[in-house]
Amino acid sequence: CTGTLQLQLCGQNLPDLDGLFPGLFDKTDAYFEIHGYNGDVLYTSETIDNNLNPEWEKVELDLNDLTNGNLDMKVRITICDQDKNDKKEYIGQVLQSVNTMLEGSAKAEAVAFDIVKGMQKDGNQGQLVVKEATLVDYVNVKERAQTLKDEADEIRMSSYDLEKASKVKAEEAQDAMVKAKKAERDAMSAEEAAKTATRAVQEL
């Protein structure tokens, strides 16, 4: 497929990984990474300091790099805390497909996905909220190719029907011409017979 995915993500109730007294002084400095279909990091967000409910900037991602054209493939998004020594501390990850994020974004109330760390699925790692997910200039190449093939087949069948109809019309025209010539010959014969009859009457 071709096109891009516009995506805006928010963190919600992230764990406080900074300070001796969580929530009182330093808080988590969170950022996220989006991994492409081959496992490589495709995008790294900005870091938002001291915020357990960060709202990151919108990002635009190439769909081929992200999912190799498969919108049902699960995309890996990792959420991390940026420590003061520039080391990252892993908070957890979310695995969701582009189609799932699109469906969640279309709902009136934003859908929150639990951030999972290891086997922990209790929501203690917070949630990742898809604030916006939109496809831009999206074209499914396989579907488009099939559509073009179907259109070409339809045109080919239409051309065949027209050719067949033209052939029938030509045959009808030729038949009409033969009938017209026969009618002309019959008329000439009738005229000749009439002349002969007239002469016979005159000779009486």
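User: What should I know before I start?

Analyst: The model is predicted: local features need pLDDT of at least 70, side-chain atom pairs count only at pLDDT 80 or more, and totals for chains, interfaces and linings use all residues. Residues are numbered from 1 along each chain as its sequence is written, and side-chain values use heavy atoms, with hydrogens and water left out.

User: How many helices and strands are in the chain?

Analyst: Begin with the term. Helices (H or I, at least four residues) and strands (E, at least two) are DSSP runs, numbered from the N terminus. This chain has three helices and eight strands. Along the sequence they follow the pattern β-β-β-β-α-β-β-α-β-β-α.

User: Which strands form the open sheet, and in what order?

Analyst: Two strands pair if DSSP finds at least two bridges between them. Here an open sheet of four strands has the order β3-β2-β5-β6, and the pairing is antiparallel. The edge strands are β3 (41–44) and β6, and each pairs on one side only. Neighbouring strands of this sheet are turned by 25° against each other on average, direction ignored. For such angles, axes are lines fitted to C-alpha atoms, for helices over the stretch in contact; angles run from 0 to 180 degrees between N-to-C directions.

User: How many bridges join β5 to β6?

Analyst: Nine bridges join β5 (residues 74–82) to β6 (residues 88–97), and the two run antiparallel. Look at Val 75: its bridge partner in β6 is Gln 96. The hairpin of β5 and β6 has five residues between the strands, and Asp 86 there takes a positive phi near 65°.

User: How many join β2 to β3?

Analyst: Three bridges join β2 (residues 30–35) to β3, again antiparallel. Glu 33 stands opposite Thr 44 in β3.

User: Which helix lies across β5 and β6?

Analyst: Helix α2 (residues 98–106) does, running at about 85° to β6.

User: What share of contacts joins residues at least 24 apart?

Analyst: Contact means heavy atoms within 4.5 Å. Among contacts between residues at least 6 apart in sequence, 61% join residues at least 24 apart.

User: Is Cys 80 buried or exposed?

Analyst: Buried means under 20% relative accessible area, exposed over 50%, partly exposed in between (1.4 Å probe, protein chains only). Cys 80 counts as buried because its relative accessibility is 1%. Cys 10, at 11%, also counts as buried. Of the 204 residues of the chain, 28% are buried.

User: How many disulfides does the structure hold?

Analyst: A disulfide is a pair of cysteine sulfur atoms within 2.5 Å. This structure holds zero.
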